Amino acid sequence: MQVVRSTFALCVGLALAACSDKQSTTYPTRTLSASADRVGSKVGFGFHGSVTGFGPGVVNLTGGGSYDPATATNIVSSETVGHGSGGFSCLNTVERLNLNGCETGQGVRWDTEQLLASTGFKCTGAATEPGKTAFTDEHTVVLQSDFYRAGDANDESFRAKIIVADHDLDASRDGVQNIWIQGVGCGSGTVNFSEAGRPLAN
């Protein structure tokens with residue numbers, strides 16, 4: 001009987017130890033997963049202005065949104081924390097590249113497909129213009145965006161990257177270039193960035 005009791009006690013002890021080990025290994029995993037899912041502070045932005053540079057096309061762009069710079073990535077179709085949307089209008093027909101075929105007076109809205117970490121850009125189509133790179137941070141947002149004309153419903157008419165910044169993107173050009181549309185060019189606009197309702201210091 002003593003042997004049976006000892007054997008039973010040993011089995012119970014091993015079972016409890018196994019349960020204890022299981023709990024100690026799974027709990028940190030859940031904690032780490034929860035930490036990884038936490039997002040950083042979001043930055044809000046709003047803007048309006050017109051851009052040109054690649055040929056005769058001129059596009060007016062307006063909008064805003066919010067985003068978490070820490071989630072920006074250039075990996076296609078990755079999930080990011082950020083969204084921007086607004087309106088656009090082709091003030092003069094675009095005859096090249098991303099918005100090619102957007103005629104004068106066309107354009108309704110645009111929205112965000114993905115928050116990008118960075119993009120290369122030029123303000124004109126000139127081969128002699130040095131290429132530049134913009135990076136998403138608290139003062140600059142780079143968005144892969146869809147553009148919709150009237151009658152196209154939820155099927156995007158065009159796809160292009162957008163850069164919005166609260167500073168000059170190209171100091172080599174006259175004026176302030178703080179808005180860019182891929183394939184259209186750069187322009188000056190009214191731009192505001194804020195965090196938790198407070199304007200960001202430049």
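A: Strands here are DSSP runs of E, at least two residues, numbered from the N terminus. This is a predicted model, in which local features need pLDDT of at least 70 and side-chain atom pairs count only at pLDDT 80 or more, while totals for chains, interfaces and linings use all residues. Residues are numbered from 1 along each chain as its sequence is written, and side-chain values use heavy atoms, with hydrogens and water left out.

The sulfur atoms of Cys-90 and Cys-102 are 1.9 Å apart; a disulfide is a pair of cysteine sulfur atoms within 2.5 Å. Cys-90 counts as buried because its relative accessibility is 1%, and Cys-102, at 0%, is buried too. Buried means under 20% relative accessible area, exposed over 50%, and partly exposed in between (1.4 Å probe, protein chains only).

Now for Cys-123 and Cys-186, whose disulfide has an S to S distance of 2.0 Å. Its torsion about the S-S bond is about -80 degrees, so this disulfide is left-handed. Cys-123 lies in the loop between strand 5 (118-121) and strand 6 (132-135), and Cys-186 in strand 10 (residues 185-187), so the pair ties together parts 63 residues apart in sequence. Cys-123 is buried at 0% relative accessibility, as is Cys-186 at 4%.

A search of the whole structure finds 2 disulfides. With the bonded cysteines numbered in sequence order, the pairing reads 1-2, 3-4.

Methods: Helix = DSSP H or I, 4+ residues; strand = E, 2+ residues; numbered from the N terminus.
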